[in-house]
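Work through the exercises below with the coordinates open, and try each task before reading its solution.

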Amino acid sequence: MKKSEMKAIKECRENIIGFLHPNEMQTINAILGIDVDKLDFYTVCDLTIKNYADKKITNKKASEVFDILSQANKQFKIERYRYDKSTKTIYEFDEEHDAYLFLENSGHGRYVHLVTVNGMYI
């Protein structure tokens, strides 16, 4: 992967916030040798580019990190239901409106039942 491609991934508006799975974080931690758990997306990109420029990691390793970062931002998981404890209200995600809409007033047990039957994510 070229440095220009790495910079393009970093500057892509879709990649403003990187959501990484713990397994992905472990892979990046192993490649870079630092803990990326508390770092933001841009910092991880900058560190990867810097380590590549300083020849601390190979192009293949830098490409692996950027592949993980770019893929993580294309595979968002949206919760199907949300439960508000204070008002005991369940909201359901509506894809047409791209928002959570009121579903019903009920307890946490009903929320658990809906998640069990219909799944946690869309």
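A helix here is a DSSP run of H or I with at least four residues, and helices are numbered from the N terminus. The model is a predicted one, and local features are taken up where pLDDT is at least 70.

**Exercise 1. Place Asn-59 in the chain, and find which residues it touches beyond its sequence neighbours.**

Step 1. Asn-59 lies in helix α4, an element that covers residues 59-72.

Step 2. The relative accessible area of Asn-59 is 27%, and because buried means under 20% and exposed over 50%, Asn-59 is classed as partly exposed.

Step 3. If residues up to four places away in sequence are not counted, Asn-59 touches Met-1 and Tyr-52. With Tyr-52 there is also a polar contact of 3.1 Å between the side chains.

Step 4. Met-1 is 58 residues from Asn-59 in sequence, while the C-alpha to C-alpha distance between the two is 6.7 Å.

**Exercise 2. Decide whether Ser-70 is buried or exposed, and find what its side chain reaches.**

Step 1. Ser-70, like Asn-59, is to be looked for in helix α4.

Step 2. Its relative accessibility is 11%, so Ser-70 counts as buried.

Step 3. The side chain of Ser-70 reaches the backbone oxygen of Asp-67, at a distance of 3.2 Å.

**Exercise 3. Describe the order of the elements, and locate the largest nonpolar core.**

Step 1. The chain has 5 helices and 3 strands, and read from the N terminus the order is α-α-α-α-β-β-β-α.

Step 2. Of its 122 residues, 28% count as buried. The accessible surface comes to about 8,200 Å², and 52% of this belongs to carbon and sulfur atoms.

Step 3. In soluble globular proteins, nonpolar side chains tend to be buried together. Here the largest nonpolar core has 17 residues, and those with the most contacts inside it are Ile-28, Leu-32, Val-36, Val-44, Val-65, Phe-66 and Leu-69.

Step 4. At least two residues of this core come from each of α1 (3-11), α2 (22-32), α3 (41-53) and α4, with α4 giving the largest share, 5 residues.

Step 5. Another core, of 6 residues, lies apart from the largest one, and its members include Tyr-83, Ile-90, Leu-114 and Val-115.

Step 6. For the chain as a whole, 48% of the contacts between residues at least 6 apart in sequence join residues at least 24 apart.

**Exercise 4. Find how many aromatic pairs the structure holds, and classify the pair of Tyr-91 and Phe-102 and the pair of Phe-93 and Tyr-100.**

Step 1. A search of the whole structure gives 3 aromatic pairs. A pair of aromatic rings is described by the distance of the centres and the angle of the planes.

Step 2. For Tyr-91 and Phe-102 the ring centres are 6.5 Å apart and the planes stand at 80°, so this pair is edge-to-face. Tyr-91 belongs to strand β2 (residues 89-94) and Phe-102 to strand β3 (residues 99-105), and the two are 11 residues apart.

Step 3. For Phe-93 and Tyr-100 the centres are 5.1 Å apart and the planes stand at 70°; planes over 60 degrees apart count as edge-to-face, so this pair is edge-to-face too.

Step 4. As for accessibility, Tyr-91 is partly exposed at 28%, whereas Phe-102 counts as exposed at 51%. Phe-93 is buried, with a relative accessible area of 13%, and Tyr-100 counts as partly exposed at 23%.

Conventions. Residues numbered from 1 in each chain as written. Heavy atoms only, no water. Buried < 20%, exposed > 50% of the residue type's maximum accessible area, 1.4 Å probe, protein only. Polar contact = N/O pair within 3.5 Å; in protein donor to acceptor, adjacent residues only side chain to side chain. Contact = heavy atoms within 4.5 Å. Areas by Shrake-Rupley, 256 points an atom, 1.4 Å probe, with all protein chains shown as cover. Core = buried A, V, L, I, M, F, W, Y, C linked by side-chain atoms within 4.5 Å. Phe/Tyr/Trp six-rings, centres within 6.5 Å; stacked < 30°, edge-to-face > 60°.
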